[in-house]
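The sequence and structure come first.

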Amino acid sequence: MSVFSENFLWGGAVAANQVEGAYNIDGKGLSTSDLLPNGLFGEIVERTDKNSSLKDNGIDFYNLYPEDIKLFAEMGFKVLRTSIAWTRIFPNGDEKHPNKDGLDFYDHLFDEMLKYGIQPLITLSHFEMPMGIINKYGGWKNRKTIELFENYAVTVFDRYKNKVKLWLTFNEINIALHEPFTGVGLARNSSRQEIFQALHHQLVASARVVKHCHNIIEGSKIGNMVAAGLVYPLSCNPADVVQAMVQNREWLFFNDVQARGTYPSYMTRYFTENNISLEITEQDRIDLAETVDFLSFSYYMSGCATADENKKIQERGNILNMVPNPHLPASDWGWQIDPDGLRVLLNTLYDLYQKPLFIVENGLGAKDNLHSDGTICDDYRIEYLKAHIQQIKESIKDGVDVMGYTCWGPIDLISAGTAQMSKRYGFIYVDRTDNGEGSLTRMKKKSFDWYKKVIESNGEIL
């Protein structure tokens, strides 16, 4: 028998703003992502007819999704994680009525998934929010945004309640501590006071939406999502051990609130020492008590922590800066590869929260070579994923409840961090370059058939 349960959810994960394109088509409004043509840490630009971004067209998933879903089905996907672009439903974020074309698009997309028996796992806000809310209300620093997000969530819950049973609230909610514009719609020079107040509003909104989901969609499950920034002590020096504990709490804090329904005690000290005083109402505390059904996270790399200022040379991962581990290799983009860290992470989270865990992002961004015969031999990707899936198996043997695995991204897409096409993750190659050239033709890589066999064997053949 397989270590993985019969209903284990194998699949892949993408995001609307990285695959769909059609950024101003069928009534879609401008989002924060549309103002970041060079990725999460690039310059924020005003959109005009004279500037553009690879994300404007993405991989044209907006039009080509039937072809892509068919390929995912051929691999045997049980689930596909994607997101709804908030600005397709409410272009400015505060309209009285939703955009019909946007609602229709996701109806068609979900129908296509369900035709092949692929469950949609839908993120409500994945690295984007309406610029209309930022310009008019100031983003998440304004409590009004809680209400606007609730309205958006209830709208899509009502619309898709018979099609979508698995939901996530915010993608990598802890990103706001590192990139507040994308995370909470605030200026990058915002104070910690401003960012944490905005995050408080986001956490309240998430909890309220969890309750709406449970009330509206029978049989639904809804989770949170964090970027898991697992760090080890750089040495056995107790000062390094303490520093690792402190740094891990920077992202575990978000799990604590969403899985336990209250702020953890260690944050009291953090807020006091950093002169942060949050406006938390009694109703907020009541709302936060509505907890998620499962915890989900991205895992790409681990890092180290040290109290020695002379050793704090850091590498940037997706959104997190970490001290490099001298025992680990790195990817083409400097992300350190640590499969064992996934086992440590899964056991840590399950020990802490005793809720099902869902790995909703894990993958290798690499420079793939398309050979003259049309083949792409990405053995390095196979080895990366094989090693990580093996550690999921070990975690399940440890007693961890793991409900699914959606690797990032099963088809080549626009990188969130760098807005590049050349940073490829997929089992499916997309003919497009960093300068926007290419036919968008889809081609299977060697890893395509490998992942198909993994799913067919329920993780036994790696």
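## Nonpolar cores

Of the 135 residues that make up the largest nonpolar core, Trp-167, Phe-297 and Tyr-451 touch the most other members; a nonpolar core is here a set of buried Ala, Val, Leu, Ile, Met, Phe, Trp, Tyr and Cys residues joined through side-chain atoms within 4.5 Å, where buried means under 20% relative accessible area, exposed over 50%, and partly exposed in between (1.4 Å probe, protein chains only). Helix α8 (residues 192-216) supplies the largest share of this core, eleven residues, with helices (H or I, at least four residues) and strands (E, at least two) taken as DSSP runs and numbered from the N terminus. Apart from this core lies another, of ten residues, among them Leu-9, Met-225, Phe-294 and Val-360.

Leaving aside neighbours within four places in sequence, Tyr-451 is in contact (heavy atoms within 4.5 Å) with Trp-10, Gly-11, Met-75, Phe-77, Tyr-405, Cys-407 and Phe-427.

## Basis of the model

The model is predicted, and local features need pLDDT of at least 70, while side-chain atom pairs count only at pLDDT 80 or more and totals for chains, interfaces and linings use all residues. Residues are numbered from 1 along each chain as its sequence is written, and side-chain values use heavy atoms, with hydrogens and water left out.

Ser-220 lies in the loop between α8 and β5 (221-227) and is buried, with a relative accessible area of 10%. Its side chain reaches the backbone oxygen of Cys-213 at 3.2 Å, a polar contact, that is, a pair of N or O atoms within 3.5 Å of which, within protein, one must be able to donate a hydrogen and the other to accept it, residues adjacent in sequence counting only if both atoms are side-chain atoms. Beyond four places in sequence, Ser-220 is in contact with Lys-165, Cys-213, His-214 and Asp-293.

Arg-424 is found in the loop between β12 (402-408) and β13 (428-430), and at 5% relative accessibility Arg-424 likewise counts as buried. The side chain of Arg-424 reaches two backbone oxygens, that of Val-430 at 2.9 Å and that of Arg-432 at 2.7 Å. With neighbours within four places in sequence left aside, the contacts of Arg-424 include Leu-364, Asp-368, Arg-381, Asp-412 and Lys-445.

## A residue of helix α9

Val-242 has its place in helix α9 (residues 238-260), and its relative accessible area of 45% makes Val-242 partly exposed.
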